[in-house]
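The tour moves from one selection to the next.

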Amino acid sequence: MSKPVVLIAEELSPATIDALGPDFDVRNVDGTDRPALLSALADAHAVLIRSATQIDSEALAAAPALKVVARAGVGLDNVDIKASTAAGVMVVNAPTSNVISAAELTVGHILSLARHIPAAHASLADGLWKRSSFTGTELFEKTVGIFGLGRIGALVAERLRAFGVRVVGYDPYVTPTRAQQLQVELLSFDEVLAQSDFVTVHMPKTPETTGMISTEQFAIMKSSAYVVNVARGGLVDEEALYTALTTGEIAGAGLDVFTSEPPKPDSSAARLVSLPNVIVTPHLGASTDEAQEKAGVSVARSVKLALEGDLVPDAVNVAGGIIDPFVRPGIALVEKLGQFFTGLSHSALTSLDIEVRGELAAYDVSVYRLAALKGIFTNIVSENVSYVNAPLFAEQRGIETRLIVEAESPLYRNITILRGTLSDGTVLTVAGTLAGTRMVPKVVGINDYEIEVPFERYHVVMRYQDRPGIVAIYGKELGDANINIAGLQVAHPDASGRALSVLTVDSPVSDEILDEMRTAVGADMFRQIEISEG
């Protein structure tokens with residue numbers, strides 16, 4: 001039998017080829033040469049890329065035998081994940097390959113800002129000797145604020161402690177126990193801004209975090225403070241940052257990422273680059289020999305697993321491996337349940353039970369634990385979440401997990417229940433099932449309320465004292481905002497007389513409208529939930 005064809009479309013480390021081993025027909029092509037790439041894809045079973053090669057619907061159509069696209073890095077902007085999923089092609093990346101490099105670059109930016117290292121170098125290179133112009137500040141006994149205490153944020157905290165700094169942080173999904181382990185003092189968002197001499201951001205880029213540090217936040221910071229962003233472009237509002245830097249509202253900034261890369265001429269980012277109190281690097285977070293080698297070796301191993309039919313932990317769009325066909329459809333359901341659970345949570349998760357009940361009890365459903373954790377962390381950590389790192393995120397946060405399998409399921413043929421204890425002691429439960437012959441994923445329970453709502457992109461969940469006219473109230477609010485209600489279900493009131501409504505809407509609802517709805521309804525629980533596609 002002929003060997004599976006693995007196409008290397010960009011320069012990768014020799015260790016990548018070694019990791020593939022002798023069982024594959026390894027070929028090379030210049031991924032930026034489009035005609036050559038499309039031709040080479042014709043009989044490829046796997047393609048390994050970095051950032052220059054575009055794998056889109058055209059490339060996928062040219063690759064009828066393709067089983068896996070492997071990106072030797074973290075970002076997947078050059079891979080059409082939706083089209084890959086539709087084509088049945090697995091997409092993998094190397095989500096943890098750059099964490100040390102990104103953490104070290106963050107510390108490098110902080111040190112460079114404190115001691116004016118780039119400006120001092122440029123001055124001396126121009127033949128000047130201006131020591132008094134570059135008087136800096138020590139890190140010792142300063143306060144460094146970290147937004148986001150995931151893998152990279154935790155590594156930054158660990159490295160900064162050696163400088164004798166006070167490390168404070170904000171992360172709504174980190175428990176006090178985990179923060180104590182990291183030796184980070186948890187504060188509110190505004191307290192971190194107000195007390196920090198240096199602020200560094202390590203959050204995922206979501207609609208909620210985009211522009212999370214802007215005009216209002218700069219006004220809270222010390223005039224001597226610095227902000228560093230080595231995470232995602234757009235987390236720091238570039239126009240507001242330019243104003244804060246040119247008016248002396250803050251002292252300086254270190255930036256490795258921008259909203260548009262490279263910065264477009266005449267953009268706020270381009271103007272930031274020219275400021276004397278800004279240190280910039282061209283997205284170098286993963287640009288080390290070690291990170292590149294780790295990325296190459298990691299995806300090579302994933303390619304081997306995929307082509308050998310094993311579970312691929314780093315798959316970002318589908319679950320790989322030997323999974324029973326009866327079990328496989330539930331994976332996407334459980335991921336959505338995890339996202340729904342996070343959307344309803346009001347404090348950090350401390351323990352989680354994944355209960356699988358019904359006929360599925362006769363099968364190996366261990367992948368559901370991974371799917372639940374992947375869904376829970378998808379929108380709350382800065383790293384790309386996969387089946388391999390989701391359990392690690394849980395471990396880092398001190399979250400205990402159990403998989404419980406029971407044959408008894410009185411209401412549904414199969415049901416999966418996520419039951420989590422939050423840091424304030426409350427218990428949150430969400431349940432889901434695949435309904436009908438079409439196996440439509442639905443949420444069928446929230447705490448003690450029975451509902452049956454198909455998962456869509458946007459949901460609004462509210463609990464309130466049941467009384468006539470409630471539907472008319474929020475219907476008018478949404479109608480006035482030109483937001484269509486695509487679906488609505490109201491669960492029967494509980495013993496206290498509180499009802500639960502779950503709305504499916506066609507577009508996201510603004511914070512202003514949500515606040516108006518919450519007030520008008522008198523809701524004691526009110527959440528907007530966005531379910532992203534896996």
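What follows is a walk through the sheets, the helices beside them, the nonpolar cores and the aromatic pairs.

Before selecting anything, note that this is a predicted model, in which local features need pLDDT of at least 70 and side-chain atom pairs count only at pLDDT 80 or more, while totals for chains, interfaces and linings use all residues. Residues are numbered from 1 along each chain as its sequence is written, and side-chain values use heavy atoms, with hydrogens and water left out.

**First stop: the parallel sheet**

Select strand S6 (143–147) and strand S7 (166–170), which run parallel and are joined by five bridges; helices (H or I, at least four residues) and strands (E, at least two) are DSSP runs numbered from the N terminus, and two strands pair if DSSP finds at least two bridges between them. Within this pairing, Ile-146 stands opposite Gly-169 in S7. Widening the selection shows an open sheet of seven strands with parallel pairing, in the order S8-S7-S6-S9-S10-S11-S12. At its edges stand strand S8 (185–186) and strand S12 (278–280), and because each has a single partner strand, one side of each is left without a neighbour in the sheet.

**Second stop: the antiparallel sheet**

Select S20, S21, S19 and S22, four strands that form an open sheet with antiparallel pairing, in the order S20-S21-S19-S22. The edge positions belong to strand S20 (485–491) and strand S22 (525–530), each with a single partner strand, so one side of each is left without a neighbour in the sheet. From one strand to the next the twist averages 15°. S20 pairs with strand S21 (498–505) over six bridges in the antiparallel sense, and Gln-489 stands opposite Val-502 in S21. Helix H14 packs on this sheet, touching S19 and S22, and its direction makes about 145° with that of S22; contact here means heavy atoms within 4.5 Å.

Where are the most contacts inside the largest nonpolar core? That core has 46 residues, and those with the most contacts inside it are Phe-340, Phe-341, Leu-344, Tyr-368, Phe-377, Ile-446 and Val-461. Apart from it lies another core, of 30 residues, among them Met-203, Val-227, Ala-244 and Val-278. A nonpolar core is a set of buried Ala, Val, Leu, Ile, Met, Phe, Trp, Tyr and Cys residues joined through side-chain atoms within 4.5 Å, where buried means under 20% relative accessible area, exposed over 50% and partly exposed in between (1.4 Å probe, protein chains only).

Centre the view on Leu-344: not counting residues up to four places away in sequence, Leu-344 touches Leu-428, Val-430, Ile-446, Val-461, Met-525, Arg-527 and Ile-529.

Select helix H15 (367–377), which is largely enclosed by the rest of the structure because 10 of its 11 residues are buried. The buried residues of H15 pack against H14, S13, helix H16 (390–396), strand S14 (400–406) and strand S15 (414–422).

Strand S13 is mostly covered, with seven of its 10 residues buried. S13 pairs with S15 in the antiparallel sense over nine bridges, and Asp-353 has Arg-419 as its bridge partner in S15. S13 also runs parallel to S14, joined by seven bridges, with Glu-406 in S14 as the bridge partner of Arg-357.

**Last stop: aromatic rings**

The structure holds seven aromatic pairs; rings of Phe, Tyr and Trp (its six-membered ring) pair if their centres lie within 6.5 Å, and planes under 30 degrees apart count as stacked, over 60 as edge-to-face and the rest as tilted. Phe-326 and Tyr-363 form a tilted pair, at 5.0 Å centre to centre with 40° between the planes. Phe-340 and Phe-455 form an edge-to-face pair, at 5.9 Å centre to centre with 80° between the planes. Phe-340 lies in H14 and Phe-455 in the loop between strand S18 (449–454) and strand S19 (458–465), so the pair ties together parts that are 115 residues apart in sequence. Finally, select Phe-147, Tyr-170 and Phe-189, which form one aromatic cluster.

Conventions
Axes fitted to C-alpha atoms, helices over the stretch in contact; angles between N-to-C directions.
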